[in-house]
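Colleague: I want to know what stands behind the words used for a protein model. Could you take me through them, one at a time?

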Amino acid sequence: MNFDWQTLWFVLVGILFMGYALLDGFDLGVGALHLLVKTDTERRIFINSIGPIWDGNEVWLVTGGGALFAAFPEAYATVFSGFYLAFMLLLIALIFRAVAIEFRSKQPMKWWRQIWDVSFSVSSIVSSLLIGIAMGNLVWGIPLGADHEYAGTFLGLLKPYPLLLGFTTLALFTMHGSIFIVLKTEGALQKKLKGWVKNTMIFFILCYVITTLATLIFIPRMLTTLQQQPFLFIVPVFNVLAIANIPRNISRGRGWGAFLSSCATLFFLMALLGIGLYPNMVFSNPAPENSLTIYNAASSVATLKIMSLMAAIGLPLILSYTVSIYWVFRGKVKLDSHSY
Amino acid sequence: MDALTLSRAQFGFTIAFHYIFPPLSIGLGLCLVAFEGFYLSTGKKLYLEIARFYTRIFGLIFAMGVATGIVMEFQFGTNWSSYSRFVGDVFGSALAAEGIFAFFLESGFLGLLLFGWDRIKPGTHFFATLMVCLGAHFSAVWIVVANSWQQTPAGYHLVGQPGGAIRAEVTDFWQVIFNPSTLDRLWHVFMGGWQAGSFAVLSVSAYFLLKKKNIEFAQTALKIALVIAAVASLLQLFSGHESAKVVSFTQPAKLAAYEGHYTTGPAPLYLFGWVDEKNSQTHGVSIPGLLSYLVTGSTDAPVTGLDAFTPDKRPPINFVFQTYHAMVAIGMTLIAVAWFGLFLWWRGLLWKTRWFLWVLVFSVLLPQAANQLGWFSAEVGRQPYIVYNLMKTSDALSKTVKAGEILTSIILFGFIYLLLGVLFIYLLNDKIQHGLHMKEEKGHRA
């Protein structure tokens, strides 16, 4: 039997985007909540909680994009050209976010800091929404022509289901971020933030339930692979358990337990998304025969093999130094002369 | 304007703005390694102060590079999706490798570099600096591999797809990586980066000396940067020569355009001039036979001229001629500046020669200009192809993206980059003016 390199790369690209959701997810969430704290010190604590790591987190997106280009060029080409204006907005949001973090604390003027605080927060919210909307469109399906080109319009991307997924993603990242920031703070600020976690959690669980119902009702195709491979049902089961584990940990005051459960939630949600889409990369709706699958969108097996070698060398290195760097910056945020 | 012109304009302008920053990261990264290395080996506090000061500047430059770089990773898909479909199998893996081997390294260790001073031991911090510097160089490796493949494609074959389309697929990955122009161009990009970084340090140091501020600090940094600048500028001359030789046999139309060389035969080398494209003539001051000599080793050996290519297969000639010659002229100037600086240092006159310090203050712009002009020559010189002799730029566009949409994004990027450029200069200036004495003002500033 031939080894299924396309499936391997579907999983690997998925892992890169999952890494992005897990890691940048909390720093986007911190950004989304940023304007809700009012004093300068509190805002500096927010920014510095992600200061040394946000940049490395964003690399998961860039590398995910590169890996998608290399492994599935047809999907990369179709999605990015098809979602042109949406991606331009995302790029601009990410640019503003990057410079807002860097620029904000470089000048003492109140107006200056206010501008970059707003930029940081708005761009974090917009990025989360757009990422969710993009995923929502992949799940719902977009109209593709026989030549694999997107045959719809910009406004056609703003259907109710993708918008719902946009809000769900925002809710998920906000919850993830609020749990993270509790870990990085102490004293009165931490106490205040703990109160927020409950609200973000309720917001997320509400969105999650609606999204799940909408998916089951309107997109039964997302269940096809699950039905064919019943052992995969452990994924949604674990997903629900992970979500239930968040309030349990929080009510017992276990911050790390809650954060790890939130990470597990993201992990299983991304896994569900992957299982639901498989073997499609970009589902064509209408005209499903034009869909981009992992087979007709993939690079040659020779390229996938080379890429596998790179991943085998690169990923352990990346994981080892990412873990070490997180370890160095563990603990509560302390503002010092090197902080933002 | 049509979608092709607009997409080219957008790519050209976003990459040119982005390319202000990566060479600075490469060169400044090397300077940081040197500063911190001296600190570790001598234990002198002064080197640590220098390293910390330039690390703050590095942080700002790096953030700009990241913010503008993310656009580049996705623009192949958004604006050049036909190109992406055609080359993804070959070109995509180089971009993915850049992420896996370079971006993670530099972005990961950057956190330690900027924020780790008090959290990790000096030796570990030096290691982080080294990794960031290495990461910056690695990212150049992979992007030059990708771009060189566009100039001199190798290690691929063309394969028909079920839908009738054709695409390039890898046959030999090592040939893709070490295609005929990779190594020379990589060396050229590295040296351009070292020049950009070292001349930036020279400029800041000379400014301090002229303002009589931080004298010992400035003199120490200036000496280190001057050595790097002198070595890099000289090596750049050789790498440029080697690069041009490779162009002469891999992309003869480009070399002919560089020199405005129309008729195949012995070729002169123009010091400066003007190409009259209408009448196929080049006017200017030239040294007869020198191009032939540089390329082949003999003054009367023939060099392929533009007459070997029909007009639809030639790049814009005068544009390429001018950008190329300006780049070479700047390269020569940089050698002169750096080595004259060494001479003054040797004679003990460096700190007294105020006019020369003023030259150094403004010299920071020269490597920047040369880097940009060099890329203009290389990329415009490859036209009308996006992959030399294989795919025309006009066939590479996204089919679904309309001119109006591209115009919208150009206007958006235009405003944003203008804003970023102004803020960058403002903050950079602020850091240079106050960066050394930040500790006292802490708590309010960062």
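Modeller: Here are some questions and answers on this model.

Colleague: What kind of model is this, and how are residues and chains labelled?

Modeller: This is a predicted model, in which local features need pLDDT of at least 70, side-chain atom pairs count only at pLDDT 80 or more, and totals for chains, interfaces and linings use all residues. Residues are numbered from 1 along each chain as its sequence is written, chains are lettered from A and ligands numbered from 1 in the order in which they are written, and side-chain values use heavy atoms, without hydrogens and water.

Colleague: How many helices and strands does chain A have?

Modeller: Chain A has 12 helices and two strands. Both are DSSP runs, numbered from the N terminus: helices are H or I with at least four residues, strands are E with at least two. From the N terminus on, the order is α-α-α-α-α-α-α-α-α-α-α-β-β-α.

Colleague: Why is chain A called as compact as a globular protein of that length?

Modeller: The radius of gyration of chain A is 20 Å, and the globule rule gives 20 Å for 340 residues, so chain A is as compact as a globular protein of that length. The radius is taken over C-alpha atoms, and the rule is 2.2 Å times the number of residues to the power 0.38. Along the principal axes, the C-alpha atoms of chain A fill a box of roughly 60 × 40 × 40 Å.

Colleague: How much of chain A counts as buried?

Modeller: Of its 340 residues, 62% count as buried. Buried means under 20% relative accessible area, exposed over 50%, and partly exposed in between (1.4 Å probe, protein chains only).

Colleague: Why is the pair F69(A) and F91(B) called tilted?

Modeller: The structure holds 57 aromatic pairs over all chains. In this one, the ring centres are 5.9 Å apart and the planes stand at 55 degrees, so the pair is tilted. Rings of Phe, Tyr and Trp (its six-membered ring) pair if their centres lie within 6.5 Å; planes under 30 degrees apart count as stacked, over 60 as edge-to-face and the rest as tilted. The pair crosses between chains, from helix α3 (residues 54–71) of chain A to helix α4 (residues 81–115) of chain B.

Colleague: Are F69(A) and F91(B) buried or exposed?

Modeller: F69(A) has a relative accessible area of 0%, so F69(A) is buried. F91(B) has 3%, so F91(B) is buried too.

Colleague: What makes W256(A) and F259(A) an edge-to-face pair?

Modeller: Their planes are at 90 degrees, with 5.9 Å centre to centre. W256(A) and F259(A) are three residues apart in helix α11 (residues 255–277) of chain A, so about one helical turn separates them. W256(A) is at 56% relative accessibility, so W256(A) counts as exposed. F259(A) is at 8%, so F259(A) is buried.

Colleague: Which residues do ring pairs link into a cluster?

Modeller: The cluster holds F69(A), Y76(A), F80(A), F83(A), F87(A), Y150(A), F11(B), F74(B), F76(B), Y83(B) and F91(B).

Colleague: Why does S82(B) count as buried?

Modeller: S82(B) is at 10% relative accessibility, so S82(B) counts as buried. S82(B) sits in helix α4 of chain B. Not counting residues up to four places away in sequence, S82(B) touches M391(B), D395(B), A396(B), L397(B), S398(B) and K399(B). Contact means heavy atoms within 4.5 Å.

Colleague: What makes the bond between N285(A) and P286(A) a cis peptide bond?

Modeller: Omega is about 0 degrees there. A cis peptide bond also joins Y278(A) and P279(A), again with omega about 0 degrees.

Colleague: Where is N285(A), and why is N285(A) called partly exposed?

Modeller: N285(A) is in the loop between β1 and β2 of chain A. Its relative accessible area is 30%, so N285(A) is partly exposed. Leaving aside neighbours within four places in sequence, N285(A) is in contact with W140(A), G141(A), I142(A) and P143(A). The C-alpha atoms of N285(A) and W140(A) are separated by 7.4 Å, although these residues are 145 apart along the chain.

Colleague: Why does K212(B) count as exposed?

Modeller: K212(B) has a relative accessible area of 60%, so K212(B) is exposed. K212(B) lies in the loop between α7 (182–210) and α8 (215–250) of chain B. Its phi is near 55 degrees, a positive value in a residue other than glycine.
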